[in-house]
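User: Hello! I am new to this structure and would like a close look at its charged side chains and what surrounds them. Could you take me through that part step by step?

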Amino acid sequence: MAQVKFSGTGRRKNAIARVYIYPGEGSITINGKQIGDYFGRRVLEMVCRQPLELTGSSGRFDIMVRAQGGGVSGQAGATRLGIARALIQADPNLRGVLKKAGFLTRDPRMKERRKYGLKKARRAPQYSKR
């Protein structure tokens with residue numbers, strides 16, 4: 001018998017998280033590690049769990065995440081968006097609650113590109129009078 005599986009993709013900065021949720025007891029695995037071992041910081045762990053706590057589905061689903069690119073903060077944000085999108089697939093009635101909390105909005109902020117004549121996006125070379 002095939003297991004019911006819902007998926008969602010989240011992106012933040014350069015990070016991409018592919019999220020799969022299954023009915024289960026509430027374990028969250030990211031790249032083969034438990035969430036606490038992968039992120040290390042409680043704040044990032046909390047960010048990932050926000051959609052689950054808001055909808056009251058903390059112990060109802062097992063979550064498996066494949067995260068790549070960016071840093072840990074970007075991956076946590078991408079995971080949050082992916083979990084929220086997967087929860088909507090599981091139960092479309094949760095859409096209003098998640099949208100009102102802002103968990104379905106992709107954060108558009110990206111790194112600004114480097115301009116010619118500058119050292120970084122806005123950092124100019126040091127000025128010298130002579």
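Analyst: Let us start with Lys115, which is partly exposed at 24% relative accessibility. Here buried means under 20% relative accessible area, exposed means over 50%, and partly exposed is in between (1.4 Å probe, protein chains only). Please keep in mind that this is a predicted model, in which local features need pLDDT of at least 70 and side-chain atom pairs count only at pLDDT 80 or more, while totals for chains, interfaces and linings use all residues. Residues are numbered from 1 along each chain as its sequence is written, and side-chain values use heavy atoms, with hydrogens and water left out.

The side chain of Lys115 forms a salt bridge with that of Glu112, at 2.5 Å from N to O. A salt bridge here is a side-chain nitrogen of Lys or Arg within 4 Å of a carboxyl oxygen of Asp or Glu. Glu112 is partly exposed too, at 37%. Glu112 also meets Arg122 in a salt bridge, at 3.1 Å from N to O. Those two residues are 10 apart, both in the segment after H4, and the pair links distant parts of the chain. Arg122 is exposed, with a relative accessible area of 67%. Elsewhere, salt bridges with shared partners join Arg12, Asp107 and Arg109 into one network. The count by this rule comes to six salt bridges.

Another salt bridge joins the side chains of Arg42 and Glu45, at 3.3 Å from N to O. Both sit in helix H2 (residues 42–55), and because they are three residues apart, about one helical turn separates them. Helices (H or I, at least four residues) and strands (E, at least two) are DSSP runs, numbered from the N terminus.

Asp62 does have a polar atom in its side chain that lies 3.1 Å from the backbone nitrogen of Ser27. For a polar contact, the rule asks for a pair of N or O atoms within 3.5 Å; within protein, one must be able to donate a hydrogen and the other to accept it, and residues adjacent in sequence count only if both atoms are side-chain atoms. Leaving aside neighbours within four places in sequence, the residues in contact with Asp62 include Tyr20, Tyr22, Gly26 and Ser27; contact means heavy atoms within 4.5 Å.

Asp62 lies in strand S5, which brings us to the sheet. Five strands form an open sheet in the order S1-S2-S5-S3-S4, with mixed pairing. Strands S1 (6–12) and S4 (33–34) each have a single partner strand at the edges, so one side of each has no neighbour in the sheet. Two strands pair if DSSP finds at least two bridges between them. S3 (residues 28–30) and S4 pair in the antiparallel sense over two bridges, and Ile30 stands opposite Lys33 in S4. Helix H3 (residues 72–90) packs on the sheet, touching S1, S2 (15–23) and S5 (61–68), and its direction makes about 150 degrees with that of S1. Such angles run from 0 to 180 degrees between N-to-C directions, with axes fitted as lines to C-alpha atoms, for helices over the stretch in contact.

S5 pairs with S2 in the antiparallel sense over eight bridges, and Arg18 stands opposite Arg66 there. S5 pairs with S3 in the parallel sense over three bridges, where Val65 is the bridge partner of Ile30. S1 and S2 are antiparallel over seven bridges. Two residues lie between the strands of their hairpin, in which Lys13 takes a positive phi near 50 degrees.

Lys13 leads us to Met110, which is in contact with Lys13 and Asn14 once neighbours within four places in sequence are left aside. Met110 lies in the segment after helix H4 (95–101) and is partly exposed, at 46%.
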